[in-house]
Amino acid sequence: MTTDYRTELANCPPQDAVAVSGTIYRGVANLPIVEKHFKSHNELGLRHCDESVCVKWGLSVWRSLEAVNNAQQLHDYMRRWYITAGELDAAEGVIVPTGNVGNPGHHTLWLEDGVSCASRFEVVQEPTATR
Amino acid sequence: MWSPNSPARPTPVDGTKIKPIEVLYYYDGPTIFTATLGLSEVLFSKFDETEDTELFVVSPIKAGAVAALREGRLSVRGALEGESYWVVQTTGELHVVKSWSVSEYELPTRILPARNHGLLHQLNPVPDTLEQATGFFSVKYNGPALSRQSISFRRLKSLIGEVYDVANNYLIPVISQVSKYSITDFELAPIKLASLLISIKRPIVLQDAIARRKLQIAPAEGILGQIQQQRDDLMTGMSEVVNEASRREISMSFAGDHVTWIAALNTLTPPRGDDINVVEVATSDSHASRMIVIDADTATRIKAAHSEVARFKVTLRGKVVEVNAAASTFVFRADNIRQTTCTLDLERFHNLVSGGELVVNAQVEVTGMFERRERRDLLHVEQINIAPR
């Protein structure tokens, strides 16, 4: 699966997406951190995939630890995740807040082709619960 | 207790495909959302996932809950909480593959969202009940001493009395010509057991009582506005105290500046060892909701500060509401909230009165030894400054 959706889907990523910069937080269910953790459900063919929906070619990420911690308080399964963080450069992708008014901490990140993340993200928070 | 291995207890959603109506939280797919099942609107909250399936806890939506959730005024736990739930296992495409009908007692609490957490993390903590999310002023007591089935009569009377005292002493303004208690009241929401929730829906001005006494006083809107202002001042002051006490012991200088609010919190929080370990105080109106949570350690620090401040020198500012020449005392209201009787030496008192400085409505700043008392606090004034009129 490639990320050539950009040529096939109109307005994808959306025009209001801006170059990513700064710290990105993403939850992973297991270690080690691998590239698969930074692939969208559409790229992996996982649940909720729908190739015609632009946001499903992106990754759900948070921009602050406060938003991460609140998500973990709301979702039991996220308490079992390792929270990873990494810095991305402007040329590596675009990002846009995609949470509705009730979820302002949520952002969708569309990575450029060939950008690797696994080696640049590290665990900043261990799981707070076990199954 | 329910577990994914429990035998299915089919529900009306078996075999259907769930279509989210409003997605309230999204992370690699909808995690908290509303949907319509038959004629009912329900709330889904995801609590587990595997490679192929997702697990949701589902409950009927209460009127007003989604709007309160969306605005960050109600916790997700509060929106979900009820006497029974469905647990629903779906495919990644939200086709229901298995479901269970589960009572509240069978549902592991860890699969529910944490208490007091809403969708907007900036606004946490938020109430777990709609009554708190929409009530004018609410106090909720939590602890092992309180159960859904019953409550000791004595405890109920005591806790209601404490909330009643704070509402009357701190929310209702001084009203000239008449006892304020005779022309005001509060309308309560139905009292809820389990955790004891006492929620004032709104203050009331008793127009009949005003008419009967032929009183010429401010219009009801004015009194209601003052009650709202005093409620907001009370919440601001109590929040400052709780923030301080949640981090460290309260210093005497801090306590001296927050005497009024420490006294209110002391009234609202039961003594340690009372089996009530968390008290929540919430306010709400059309433009904002606020909540403070007082745990047992914080309450202990507040009570320690309260007992210390009773013997502490303080400086208070406020307005004179009564001058009693016969007793050579005056009464003033600090921060427009609680009345304090002030004593000072006779010669100074009479000079200030005869000079026309110490009069009703004068703004004063007084420093002296503060004495906490049951009915009205007492200040032995050592220094007094009266603002020029």
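The largest cavity is lined by residues of chain A and chain B: A:H41, A:V55, A:K56, A:G58, A:L59, A:S60, B:Y26, B:D28 and B:G29. The model is predicted. About 60 Å³ of space lies in this cavity. By class, its lining has 3 nonpolar, 4 polar and 2 charged residues. In total, the structure holds 3 cavities of 30 Å³ or more. Rolling a probe the size of a water molecule over the atoms shows where such empty space is left.

Next, the helices of chain B. Two packed helices are described by the angle between their axes and the distance between the axes.

Start with helix α4 (residues 153-171) of chain B and helix α7 (residues 220-247) of chain B. They pack at an angle of about 110°, and their axes are 9 Å apart. Angles of 65 to 115 degrees count as roughly perpendicular, so α4(B) and α7(B) are roughly perpendicular to each other. From α4(B), the contact takes in B:V166, B:Y170 and B:L171. From α7(B), it takes in B:Q226, B:I227, B:Q230, B:R231 and B:L234. The contact of α4(B) with α7(B) has 5 nonpolar, 2 polar and 1 charged residues.

α4(B) also packs with α9(B). Here the angle is about 155°, with the axes 8 Å apart. That makes α4(B) roughly antiparallel to α9(B), because angles over 145 degrees count as such. On the α4(B) side stand B:E162, B:V163, B:D165, B:V166 and B:Y170. They meet B:T260, B:A263, B:A264, B:T267 and B:L268 in α9(B). The residues of this contact divide into 6 nonpolar, 2 polar and 2 charged.

The crossing of α9(B) and α10(B) is left-handed. α9(B) contributes B:V259, B:I262, B:A263, B:L265 and B:N266. α10(B) answers with B:I302, B:K303, B:A305, B:H306 and B:V309. By class, the contact of α9(B) with α10(B) has 7 nonpolar, 2 polar and 1 charged residues.

Now the backbone. Most residues other than glycine have a negative phi, and most peptide bonds are trans.

In chain A, a cis peptide bond joins A:L31 and A:P32, with omega about 0°. A:P32 lies in the loop between β2 (22-28) and α2 (41-44) of chain A. In chain B, a cis peptide bond joins B:N124 and B:P125, where omega is also about 0°. The loop that holds B:P125 runs between β6 (96-103) and α3 (130-134) of chain B.

Then there is B:L94. Its phi is positive, about 70°, although B:L94 is not a glycine. B:L94 lies in the loop between β5 (84-91) and β6 of chain B.

Terms used. Residues numbered from 1 in each chain as written. Chains lettered and ligands numbered in written order. Predicted model: local features only at pLDDT ≥ 70, side-chain atom pairs only at ≥ 80, totals over all residues. Heavy atoms only, no water. Left-handed = near helix turned anticlockwise from the far one by under 90°. Helix = DSSP H or I, 4+ residues; strand = E, 2+ residues; numbered from the N terminus. Contact = heavy atoms within 4.5 Å. Nonpolar A, V, L, I, M, F, W, Y, C, P; charged D, E, K, R; others polar. 1 Å grid on protein atoms, 1.4 Å probe; cavity = no way out; pocket = protein on both sides within 12 Å on 5 of 7 lines; lining within 4 Å. Points joined across faces, edges and corners; volume = space filled by probe spheres on them. Axes fitted to C-alpha atoms, helices over the stretch in contact; angles between N-to-C directions. Parallel < 35°, antiparallel > 145°, perpendicular 65-115°, else oblique.
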